[in-house]
Amino acid sequence: MFGQSRKMEAVVFVDYEHWFYGYMNKFQMKPNVEQWLSELKKDFKIKNLYIFGDFSEPNIEGEMNRLKKITSGIIHTASDKNGVDNDFTDVIILDRIYRYAAKKKSPEVYILFTGDAHFTKVAEYLKELGKRVIVYGVKFSFS
């Protein structure tokens, strides 16, 4: 078809704890994942959507059922180990990104929703592989 460009294939990694608590603490609202995903789909062919978070806390636990209607890629990052802090979710996300990038046919675009500076090096690595990296974060909560 003439005049139509091919949508680039993308994979999406969402630090839902950052998004949820950032919105709740700064704006007293919950994320509208459906609307955000709809906007992304206008520009990209979403190959996979992964949403990470520790959904065991009372404030966020009800979000899991809503998110399961959007994607089967929900990764619950709660740990039974004492002393595990909120960086545990980041480690799991980083591991998933590096593993995904190692695939022979990984997508052209990596979309990260996080406000954490821990993702700087993985973004640099993806760019070295020739990937386009897009980072989203919550306003006033971005490192």
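This is a predicted model: local features need pLDDT of at least 70, side-chain atom pairs count only at pLDDT 80 or more; totals for chains, interfaces and linings use all residues.
Which side chain meets arginine 6 in a salt bridge?

Now, the partner. It is glutamate 108, and the N to O distance is 3.1 Å. Look at where the two residues sit. Arginine 6 lies in the segment before strand S1, which spans 8-15. Glutamate 108 lies in the loop between helix H4 (87-101) and strand S4 (109-113). They are 102 residues apart, so the pair links distant parts of the chain. How open are they? Arginine 6 has 60% relative accessibility and counts as exposed, because the cut-off for exposed is over 50%. Glutamate 108 has a relative accessible area of 28%, and that makes it partly exposed.

How many salt bridges does a search of the whole structure find? Eight. I'll take two more.

Next stop, helix H2. This helix covers residues 33-43. Here glutamate 39 forms a salt bridge with lysine 42. Their closest N and O atoms are 3.1 Å apart. Why is the separation about one helical turn? Because the two are three residues apart in helix H2. Glutamate 39 is partly exposed, at 41% relative accessibility. Lysine 42 comes out as exposed, at 52%.

On to helix H3, residues 63-68. The pair to find is arginine 66 and glutamate 63. Their side chains meet in a salt bridge at 2.7 Å, N to O. Both lie in this helix, three residues apart, again about one turn. Is glutamate 63 buried or exposed? Buried, at 4% relative accessibility. The cut-off for buried is under 20%, so glutamate 63 falls within it. Arginine 66, at 23%, counts as partly exposed. This pair also belongs to a network: salt bridges that share partners join Lys30, Glu34, Glu63 and Arg66.

You will find it in helix H5, residues 120-128. Its relative accessibility is 31%, so tyrosine 125 counts as partly exposed.

To recap. Arginine 6 and glutamate 108 link distant parts of the chain. Glutamate 39 and lysine 42 pair up within helix H2. Arginine 66 and glutamate 63 do so within helix H3.

Note on methods
Residues are numbered from 1 along each chain as its sequence is written. Side-chain values use heavy atoms; hydrogens and water are left out. Helices (H or I, at least four residues) and strands (E, at least two) are DSSP runs, numbered from the N terminus. Buried means under 20% relative accessible area, exposed over 50%, partly exposed in between (1.4 Å probe, protein chains only). A salt bridge is a side-chain nitrogen of Lys or Arg within 4 Å of a carboxyl oxygen of Asp or Glu.
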